[in-house]
Amino acid sequence: MKIASCYRPEECASRDTARPHVTVAHLDLDDLTDPRVVATDGRMMIAVPVVPEDGDTSGSLSPDALAAARKVAGKQANEIVLAAGKHYILPDGTSMPRKDAGRFPSWRTLMPAYKAGDPGTVTIGFDARLLARLVKAMGVNEVILTFPLPEPDAVMVDPIRVTASNDAIGVLMPVRWRK
């Protein structure tokens, strides 16, 4: 498989070792018209495009294999290459075991179907680095974004679809606000 080097789906994987099936990214080749590498921790999810190659199969993608592929590719590379069949095989010929982490969630049913600009949606664009700086300056880990919705009585409880300019898609779940 080939994946753009800017993508780091493993950053969205769970750190909870009691849930091993979501502590790794997942190569999803079930829909070859939209192959993706997906990762989730249950509160956020990312699904980035990937170009599969002969021999690649759906399944777990370990952070170690992705890191090794990045290292072989080098810092200036636009993409990383990793054969993901029965074993991982790096471009330099190195082979790594590919372990099955278990059944990955049915992510396509969780991804909201609506897109930016669809009727009945509100779309907001902002610089995530500035938001991160603001959150850090506030001394918190969670914030709520408040903005007017088209209908006066509307309440936002649905997952928020996050779309990046590089075709990455994700979901950000609303936080439970505690006063």
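Predicted model: local features only at pLDDT ≥ 70, side-chain atom pairs only at ≥ 80, totals over all residues.

**The sheet and its surroundings**

Reply: Happy to! Strands here are DSSP runs of at least two residues (E), helices are runs of at least four (H or I), and both are numbered from the N terminus. Two strands pair if DSSP finds at least two bridges between them.

Me: How many helices and strands are in the protein chain?

Reply: The protein chain has 3 helices and 11 strands. Reading from the N terminus, the order is β-β-β-β-β-α-β-β-β-β-α-α-β-β.

Me: And how much of the chain is buried?

Reply: Buried residues account for 31% of the 179 residues. Buried means under 20% relative accessible area, exposed means over 50%, and partly exposed is in between (1.4 Å probe, protein chains only). The chain exposes about 11900 Å², with carbon and sulfur atoms supplying 55% of it. Those areas come from the Shrake-Rupley method with a 1.4 Å probe, and for residues only the protein chains shown count as cover.

Me: What about contacts across the sequence?

Reply: Of the contacts between residues at least 6 apart in sequence, 63% join residues at least 24 apart. A contact means heavy atoms within 4.5 Å.

Me: Back to the sheet. Is E3 mostly covered or mostly open?

Reply: Mostly covered, as 5 of its 5 residues are buried. Arg36, Val38 and Thr40 point one way from E3, while Val37 and Ala39 point the other way. In a regular strand, side chains alternate between the two faces of the sheet.

Me: What does E3 pair with?

Reply: Strand E4 (residues 44–49) runs antiparallel to strand E3 (residues 36–40), and 5 bridges join them. In that pairing, alanine 39 stands opposite isoleucine 46 in E4. Strand E2 (residues 25–28) is also antiparallel to E3, through 3 bridges, with aspartate 28 opposite arginine 36 in E3.

Me: How many residues lie between E3 and E4?

Reply: There are 3 residues between them in a hairpin, and glycine 42 in the turn has a positive phi of about 100°.

Me: Switching to charges: how many salt bridges are there?

Reply: A search of the whole structure finds 7. A salt bridge is a side-chain nitrogen of Lys or Arg within 4 Å of a carboxyl oxygen of Asp or Glu. One of them joins lysine 2 and glutamate 53, at 3.6 Å from N to O. Lysine 2 is in strand E1 (residues 2–4) and glutamate 53 is in the loop between E4 and E5, so the pair ties together parts that are 51 residues apart in sequence.

Me: Are those two exposed, partly exposed or buried?

Reply: Lysine 2 is partly exposed at 30% relative accessibility, and glutamate 53 is also partly exposed, at 34%.

Me: What does arginine 43 pair with?

Reply: Arginine 43 meets aspartate 41 in a salt bridge of 3.1 Å, N to O. Arginine 43 is exposed at 57% relative accessibility, whereas aspartate 41 is buried at 8%. Elsewhere, salt bridges that share partners join Asp28, Asp34, Arg36 and Arg108 into one network.

Me: Last one: where is serine 62?

Reply: Serine 62 is in the loop between E5 and helix H1 (63–73). A polar atom of the serine 62 side chain lies 3.0 Å from the backbone nitrogen of alanine 65. Leaving aside neighbours within four places in sequence, serine 62 is in contact with Val24 and Tyr88.

Terms used
Residues numbered from 1 in each chain as written. Heavy atoms only, no water. Polar contact = N/O pair within 3.5 Å; in protein donor to acceptor, adjacent residues only side chain to side chain.
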